[in-house]
Structures are given as C-alpha cells and as structure tokens.
Amino acid sequence: MPSPDCIFCKIVRGEIPSKKVYEDEHILAFEDLNPQGPTHVLVIPKKHIAGLKEASLDDAEVVGRCHLAAAQIARDRNIENGYRTVLNVGPQAGQSVFHLHVHLIGGRQLSWPPG
Ligand code: 5GP
Ligand code: ZN
C-alpha cells in the first residue's frame, strides 16, 4: 500500500523532486540528498516496504532488482573497483527513512568495518 506521509513514496509520486538516476516499473534510483561519497545513490522499490525486516517473500524479486540496479549503476559509473551496497535496518543501525532503500556508495576508499 502507498504510504501518504512517506517521503520516498512522495518521491516516487513526484511530489518531492529528486535527481533520478534510473527508473523502471518496479524501482527508482535517485541521488542521495546528503551524499557520503562521490557516488551515493538510493535505490528503492516503488512499492512501499518499510524496511528489510518488514519485507516478505513476495518482495524477494523487487529487493533483488534494487541490488542489481545498484550494480548496473556502479558499472555505468566506473566504480567497480569498490563500492558498497548497504541497507540500514532499524534506528540503531541509522535507518531514518522507513521505506526500504539500498544505498550505493562508492568512488572513494571505503573503510571496514563501517561505524
Ligand atoms: P537511512 O538513514 O534511512 O539509511 O537513509 C536515508 C537516506 O535518505 C539518507 O542518506 C538521507 O540523506 C536521504 N534522504 C532523506 N531525505 C531525502 C530526500 O528528501 N531526498 C533525497 N534525495 N534523499 C533523502
Ligand atoms: Zn514509502
């Protein structure tokens, strides 16, 4: 179900502007407002899913599509030497927007483990 107050649902509906990177009938990718690297793209299902822990088996394909789109964007941007795809799950992990999103971060040296 679409969520009227969800900011990423608003981005999907075009009610909040975004710098689109990729779109198809299932997913949308756009530039993060507060980039943490030269590439920082968010890839989201168009369907409202609150986060990974709320996803069900029915969502398996779209979650996979988000990751594969991130890999394609990384290929297109020539950052395949090293990038990270990240889902923050829950407030303690830093999840602040409760619409599932894959962060694609790259274009710089990334340290491990993340903070
Ligand atoms: P989280 O902290 O939930 O894992 O990630 C949420 C991300 O969404 C953050 O990196 C934040 O910068 C980004 N963000 C929050 N609001 C907006 C917005 O309105 N537009 C865009 N493009 N990014 C946003
Ligand atoms: Zn949403």
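Student: Which strands are included in what covers the buried residues of α2?

Tutor: The model is a predicted one, and what covers the buried residues of α2 includes β1 (20–23), β2, β3, β4 and β5. Let us begin with the helix itself. Helix α2 runs over residues 60–76, 17 residues in total. From its first C-alpha to its last it reaches 24 Å, close to the 24 Å expected at 1.5 Å a residue. The buried residues in α2 are Val-62, Val-63, Cys-66, Ala-69, Ala-70, Ala-71, Ile-73 and Ala-74. After α2 comes Asn-78, whose phi is positive, near 60 degrees.

Some of the covering strands also take part in another feature, the largest pocket. Its lining receives at least two residues from each of β2 (27–31), β3 (39–45), β4 (83–86) and β5 (102–106), and likewise from α1 (7–13). The largest pocket holds about 780 Å³ of space. Of its 31 lining residues, Asp-32, Gln-36, His-40, His-103 and Ile-105 are the closest to the centre.

Finally, consider the loop between β4 and β5, where His-101 is placed. His-101 counts as buried because its relative accessible area is 7%, under the 20% cut-off. Residues that His-101 touches include Phe-8, Leu-42 and Val-86.

Definitions and conventions:
Residues numbered from 1 in each chain as written. Chains lettered and ligands numbered in written order. Predicted model: local features only at pLDDT ≥ 70, side-chain atom pairs only at ≥ 80, totals over all residues. Heavy atoms only, no water. 1 Å grid on protein atoms, 1.4 Å probe; cavity = no way out; pocket = protein on both sides within 12 Å on 5 of 7 lines; lining within 4 Å. Points joined across faces, edges and corners; volume = space filled by probe spheres on them. Helix = DSSP H or I, 4+ residues; strand = E, 2+ residues; numbered from the N terminus. Expected span 1.5 Å × (residues − 1). Buried < 20%, exposed > 50% of the residue type's maximum accessible area, 1.4 Å probe, protein only. Contact = heavy atoms within 4.5 Å. Lists of a residue's contacts leave out its neighbours within four places in sequence.
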